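These are my notebook entries on a structure that is new to me. I set down each item as I looked it up.

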Amino acid sequence: MKLYCLSGHPTLPCNVLKFKSTTVMLDCGLDTTSVLNFLPLPLVHSPRLSKLPGWVSKDGSLNLEKELKECAGRVFVDSQPEFCLPERELLDLSTIDVILISNYHCMMALPYITEHTGFTGTVYATEPTLQIGRLLMEELVNFMERVPKAQSATCWKNKEIQRMLPGPLKDAVDVWTWKRCYSMQEVNSALSKVQLVGYSQKVELFGAVQVSPLSSGYSLGSSNWIIQSHHEKVSYVSGSSLLTTHPQPMDQSSLKNSDVLILTGLTQMPTANPDGMLGEFCSNLAMTIRAGGNVLVPCYSSGVIYDLLECLYQFIESANLGTTPFYFISPVANSSLEFSQIFAEWLCHNKQTKVYLPEPPFPHAELIQTNKLKHYPSIHGDFSSEFRQPCVVFTGHPSLRFGDVVHFMELWGKSSLNTVIFTGNYHTDFSFSAEFINQSNLILKLILFDLIFLSELNFHQVSKLLKEVQPLHVVCPEQYTQPPLTQSHRSDLMLELQPPPMPYRRCSVLNLPFRRRYERVYILPELANSLVPSEVKPGVSVATVSAVLQSKDNKHTLQSVPKAPPVAPSKKRKRVMEEPPMTMAPKPLLSGAVPLEAFLATLQKHGITEVKVEETADGHILHLQAEDTLIQLEEDGTHIVCDNNEPLRATLRDLVLRFLQKL
């Protein structure tokens, strides 16, 4: 069993597991942190960005003014943003049989895999994962296509040139493999290969293994996966949460008795009180509004935003923010809010019960009805005529490189009254976004909230989880085996297990530390009926069987040995090769042990009296001195060493057989 690691991002994984002749891809996350090396795509002309100087090396030997722009000591690529794809050279991706998707954030690279590698298999995901994943892909495509870039920067990717660039461009990984965003045609084609599954549903793959999704508590429809055969079990834990938010709670018990547990999607942020952090989020938002400023919350169009809107619903009236407009701007804003209300069976119990009252599971439905929350596909059209300040805007993309958020950064960035609040599981990924604000002469207030813990396991939680489920071996990204670089003293922000976890990094191949020892074999009823068991010890019976083993579709069956057809008499002599093969009767198997005292007494009755007994580690050696013969009585066999006296050897053999049982 082997694990191929195609992504170096711990929370956006892409791994391939080879298990019992099946090749299974576990998630295909898209590493979007590569876009931080590119300039933002403004929706309207930006004088600030257009006046940035081109980059020239200090000695003047390298001039890339048309491709690279300099901003406050950092160099950015002036081109359409590109994404770092999962590794495609480590193994032939056309051999992948199935792709298992754990949540909608971990499927964003799916079109690159299914449409450009010769993939012919099946993708398995829950319905919310498919539908919300489609929305996120549609949003990403929309962000890119509505602000096209005429030029395409490629010279900087040359290895020799990249080596001369300043960081972090100099240290960017596999830049020659970075690709532009896919098209909606590719998205639709990729998602047509998805087969929907429900929690605990067992899907058989080629008769070799079964896969089953379990609720992970991370987001609507998010899953951990069990991949198991009759005698081996592998658990795949991706983004998971033990906190009670809107999704169904995490199924922990089904992870028990795993031979290998593959662990991804942890947060290395310090733990904090969720209620306290949400309260601080609301209070900072209120302070900004009361001071006459605006609040910008860069976010994805699904996930944590549902919890933030629910928190604000409870806070608005008490904070006297009833007249403050809240805007949610995304090409898929309307669909996202609607989907959250209709996937009732995928929600936690409290929200499920609201559906049968009937009430909307999420309170943002009431915010929309009372016009406290308004949603728009973009800043154009109705929004531009209804927009008023001060206000709170939820929009994407969290990287600040594309989407409507770029416009608000340009609009509000020059005033210190305004605030941008980063939250959610993209906080650490897009920490460079905060740098970009500081380096771009933008003076709006910046607040980073560790609300990432709302949706991902932390190290304290996962240590407790592993003690409960007790896997034999744990496999995880190497980032989890050491403290974060910015907090090297925090040994509590790493995994310390016995045995130590097996770490992996991008492009590594792991031989998972267990061997297949057993295989299930079926026996046909008529063959089973012919068996004659013999009791070898109380409660244990054994029978010998002669059969033909048939293996088909990874299922093994014992069948009766076919009888040779009768040969019609013929005067002509047939060749030896044409004669049907003879079925030899199996030799009987022997069971039992030869008792020393009783065997010596039997030898004496047959005239063998001069016997010297020597005790060994495995049994006894009997030296028949007059006959110059040795008999080795051991646990797993009996040996008679007798030279040039076949009658004596046969006699001794028969005496030994008296004490053994024939099966």
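**Entry 1: the nonpolar cores**

How many residues does the largest nonpolar core have, and which of them have the most contacts inside it? I was working with a predicted model throughout. I found that the largest nonpolar core has 97 residues. Met25, Phe83, Ile99, Leu110 and Phe394 are those with the most contacts inside this core. A second, separate core has 26 residues, and I recorded Val197, Val211, Trp225 and Val234 among them.

**Entry 2: the domains**

I looked up how the protein chain is divided. The assignment gives domain 1 (2-267 + 456-511), domain 2 (274-454) and domain 3 (590-662). Taken over C-alpha atoms, the centres of domain 1 and domain 3 are 68 Å apart.

**Entry 3: helix 3**

I returned to helix 3, which covers residues 127-145 and has 19 residues. From its first C-alpha to its last, helix 3 reaches 27 Å, close to the 27 Å expected at 1.5 Å a residue. Why can helix 3 be called largely enclosed by the rest of the structure? I counted its buried residues: 14 of the 19 are buried, so the description holds.

I listed what phenylalanine 394 is in contact with, leaving aside its neighbours within four places in sequence. The list includes Val297, Cys299, Ile305, Leu308, Leu309 and Leu312. Phe326, Tyr327, Phe328 and Ile329 are also in contact with phenylalanine 394.

I next turned to valine 16, which is found in strand 2 (residues 15-19). Is valine 16 buried or exposed? Its relative accessible area is 0%, so valine 16 is buried. Not counting residues up to four places away in sequence, valine 16 touches Lys2, Leu3, Tyr4, Leu6, Thr23, Val24, Met25, Leu91 and Ile96. I also checked valine 16 against histidine 473, which is 457 residues apart from it along the chain. Their C-alpha atoms are separated by 17 Å.

**Entry 4: aromatic rings**

I searched the whole structure for aromatic pairs and found 18. One of the pairs is formed by tyrosine 112 and tyrosine 182, which is tilted, at 5.1 Å centre to centre and 55° between the planes. This pair links distant parts of the chain, 70 residues apart. Tyrosine 112 is in helix 2 (residues 110-116), whereas tyrosine 182 is in the loop between helix 4 (159-162) and helix 5 (184-191).

Tyrosine 327 and phenylalanine 387 form another tilted pair, with 5.9 Å centre to centre and 50° between the planes. I placed tyrosine 327 in strand 16 (residues 326-329) and phenylalanine 387 in the loop between helix 11 (382-386) and strand 18 (392-395), 60 residues apart. Tyrosine 327 is buried, with a relative accessible area of 1%. Phenylalanine 387 counts as partly exposed, at 22% relative accessibility. I noted both residues again in a cluster linked by ring pairs, together with Tyr376, Phe383, Phe408 and Trp412.

**Entry 5: charges over rings**

I recorded two lysines here. The charged end of lysine 159 sits over the ring of tryptophan 176, 4.7 Å from the ring's centre. The charged end of lysine 351 sits over the ring of phenylalanine 362, 4.8 Å from the centre.

**Entry 6: the backbone**

Which residues does a cis peptide bond with omega of about 0° join? I found glycine 167 and proline 168. Proline 168 is in the loop between helix 4 and helix 5. A cis peptide bond also joins glycine 396 and histidine 397, with omega of about 15°. Histidine 397 is in the loop between strand 18 and helix 12 (405-412).

I then looked up positive phi values in residues other than glycine. Phi of aspartate 27 is near 70°. Aspartate 27 is in the loop between strand 3 (22-26) and helix 1 (47-50), and it counts as buried at 0% relative accessibility. Asparagine 554 has a positive phi of about 60°. Asparagine 554 lies in the loop between strand 27 (547-552) and strand 28 (555-560), and at 32% relative accessibility it counts as partly exposed.

Note on methods: Residues numbered from 1 in each chain as written. Predicted model: local features only at pLDDT ≥ 70, side-chain atom pairs only at ≥ 80, totals over all residues. Heavy atoms only, no water. Helix = DSSP H or I, 4+ residues; strand = E, 2+ residues; numbered from the N terminus. Expected span 1.5 Å × (residues − 1). Buried < 20%, exposed > 50% of the residue type's maximum accessible area, 1.4 Å probe, protein only. Domains from an automatic or database assignment. Phe/Tyr/Trp six-rings, centres within 6.5 Å; stacked < 30°, edge-to-face > 60°. Lys NZ or Arg CZ within 6 Å of the ring centre and 35° of its normal. Core = buried A, V, L, I, M, F, W, Y, C linked by side-chain atoms within 4.5 Å. Contact = heavy atoms within 4.5 Å.
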